[in-house]
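Here is a brisk tour of one structure. The sequence and the model come next, and the notes follow.

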Amino acid sequence: MKPLILLILLFPSYSNASLFQKIYQGYQASDRLKEIELNQKFTELDYVIGKKQYDWTLDTTFQFQDSFLEALFAFQGQKTVTESLGFTLSRPSYKYGTFSISNTQTIYDLSNWTASNLNSFTSEQIFQSRNSLSYEYEFLNKSLQIDWEIVHIQNLANKTQDRLRTEQDHYDFFTAYVTAKHKIQLHKLYKEFEKRAKDRVSQISRRVRDGLSRNVDLDQARLSLINQQETIVTNKSELRLAVATIEDIVGISLPEKDYKLVNWSFKPAQKNYPFLLDQPDFVELKNLKAQNELAEANIKKADENSDSSLTLNLSYTKNSFDEESSQALADSVGPSPRDEKIVSLNYTLPIGVSRRDAVKEKLVLQRNMTRLNLKNRESDLKVRHRVLLENIERFESAIKLINNKVNVAQRVVKENKRLYLRGQITFEESLRAEETWIQARISKVNMLLALENAFSELALITGEIKPFLRDYRD
């Protein structure tokens with residue numbers, strides 16, 4: 001695992017980029033994201049498979065028959081051995097029916113015939129070539145056409161689902177990053193506070209030796225130092241877990257000496273992420289709408305499958321017999337008047353209703369559930385969107401107030417230190433001012449975390465998480 005500082009040295013062109021952008025580049029090349037992106041390939045292939053479900057097929061048939069059955073006509077009762085080889089090329093379709101062309105070559109072995117019943121042939125072996133063209137079309141039942149619609153609707157649903165999965169992972173990555181950044185920033189503050197507490201103990205120790213401060217002041221300073229050290233230990237376990245999560249995702253080591261690279265500044269939404277404030281386009285609703293369309297299509301298909309069917313069949317066949325196979329084949333495709341034309345209509349009316357009604361009822365129930373799910377989810381997202389916008393406005397106002405509080409508290413700490421050294425206030429008053437300043441700075445970091453979590457959640461539900469991560473800076 002490469003240390004982050006090494007990558008910065010190796011790629012100086014990134015020196016002006018934020019820490020996040022460097023880590024984000026690692027995430028974009030991570031195996032975790034590659035695994036998710038592979039699902040998109042499955043979606044593309046499923047769509048191709050669906051569209052090409054009814055493709056050209058070639059069927060080959062070989063048959064050997066040795067027949068010596070009793071028959072009504074004498075010539076049919078002769079012992080006959082036949083070998084036939086057939087080829088059929090067919091192409092069904094969703095919308096335009098089924099077309100097929102076939103050729104069958106048959107060899108008749110008549111050596112066991114007791115008398116000659118063939119006036120035109122003298123050979124004991126006769127060849128037949130048979131060619132057929134056929135076409136089938138369904139007039140009433142449109143279930144295959146609905147299947148074509150379902151293929152496209154399912155593809156849209158799969159694509160939106162893939163997008164949601166990808167964007168959710170981007171959001172999870174960002175949440176992991178800001179969680180780690182929050183813990184690092186707190187760690188840096190706690191280390192700073194620890195150093196101030198150590199300096200305060202040293203200062204009070206000298207004053208006690210000089211008789212300028214009381215021993216109780218020194219104990220209070222030591223207690224403050226212990227509290228800071230305890231806070232560092234408590235935070236560090238959570239810190240390492242958060243940092244290790246990011247390291248595992250992007251394959252970059254972030255040792256403690258590199259924590260200095262972590263910065264955090266306040267960036268208002270209107271100035272830095274105005275697209276988050278536009279009219280929302282909820283991607284999740286697109287997926288739910290596609291699911292609704294699928295439910296409607298399945299109901300239509302169930303209706304078609306339970307309705308009547310009228311199928312037109314057309315076929316044209318020519319054949320030829322000869323003692324030579326090549327001549328039989330030539331005659332079967334020539335201008336011979338020997339042919340067969342068939343036109344048929346097949347009407348089917350389902351009369352069983354028990355299973356059909358149960359299937360239809362189940363599909364209608366599913367359709368109603370998806371409608372309610374869409375309606376309820378749309379309402380939830382609108383409320384969530386409105387609340388996030390309101391929270392962002394509140395967080396931004398709170399950060400401005402906290403900035404003022406930090407500045408005022410810092411001035412109070414500085415003034416109280418001067419007054420304490422002059423003996424004008426007690427050590428307790430000086431320490432309380434220090435604690436107020438510390439809490440104000442911690443509150444600022446916590447509020448920055450709340451604000452950026454709100455940014456990322458808003459970006460997720462509006463489908464803007466990738467633009468948000470693209471523009472995000474520490």
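Three helices, α4, α9 and α10, each supply at least two residues of the lining of the second largest pocket. This is a predicted model. Helix α4 gives the largest share of that lining, five residues. In total, 13 residues line the second largest pocket. Nearest its centre lie R196, R200, Q203, K417 and E434. The volume of the second largest pocket is about 300 Å³.

How many cavities of 30 Å³ or more does the structure hold? The count is one. The largest cavity has a volume of about 110 Å³. Its lining is made of 14 residues, and I23, Y177, I184, I246 and L254 lie nearest the centre. Helices α2, α4 and α5 each give two or more residues to the lining of this cavity. Twelve residues of the cavity lining are nonpolar, two are charged and none is polar.

The table sets the two spaces side by side.

| Space | Volume | Lining | Lining by class |
|---|---|---|---|
| Largest cavity | about 110 Å³ | 14 residues | twelve nonpolar, no polar, two charged |

Next, the packing. In soluble globular proteins, nonpolar side chains tend to be buried together. The largest nonpolar core here has 66 residues. Inside this core, F173, F468 and Y472 have the most contacts. The elements that give two or more residues to the core are α2 (19-28), α4 (143-209), α5 (215-250), α7 (283-305), α9 (354-421), α10 (427-461) and α11 (465-471). The most comes from α10, with 15 residues.

What does F173 touch, leaving out residues up to four places away in sequence? F173 touches F20, I23, Y24, Y27, R32, I246, I249 and V250. Of these contacts, I23 and I246 also lie among the residues nearest the centre of the largest cavity. There is also a second, separate core of eleven residues. A197, V201, L225 and I425 are among its members.

Helix α4 has 67 residues and reaches 97 Å from its first C-alpha to its last. That is close to the 99 Å expected at 1.5 Å a residue. Helix α10 has 35 residues, so at 1.5 Å a residue it should span 51 Å. The end C-alpha atoms of α10 are 51 Å apart, which agrees.

Q185 is in helix α4. Is Q185 buried or exposed? Its relative accessibility is 15%, so Q185 counts as buried, the cut-off being under 20%. Not counting residues up to four places away in sequence, Q185 touches V262, W264 and V445.

E247 belongs to helix α5. With a relative accessible area of 9%, E247 is buried too. How many residues separate E247 and G26 in sequence? They are 221 residues apart in sequence, and their C-alpha atoms are 9.6 Å apart in space.

Definitions and conventions
Residues numbered from 1 in each chain as written. Predicted model: local features only at pLDDT ≥ 70, side-chain atom pairs only at ≥ 80, totals over all residues. Heavy atoms only, no water. Core = buried A, V, L, I, M, F, W, Y, C linked by side-chain atoms within 4.5 Å. Buried < 20%, exposed > 50% of the residue type's maximum accessible area, 1.4 Å probe, protein only. Helix = DSSP H or I, 4+ residues; strand = E, 2+ residues; numbered from the N terminus. Contact = heavy atoms within 4.5 Å. Expected span 1.5 Å × (residues − 1). 1 Å grid on protein atoms, 1.4 Å probe; cavity = no way out; pocket = protein on both sides within 12 Å on 5 of 7 lines; lining within 4 Å. Points joined across faces, edges and corners; volume = space filled by probe spheres on them. Nonpolar A, V, L, I, M, F, W, Y, C, P; charged D, E, K, R; others polar.
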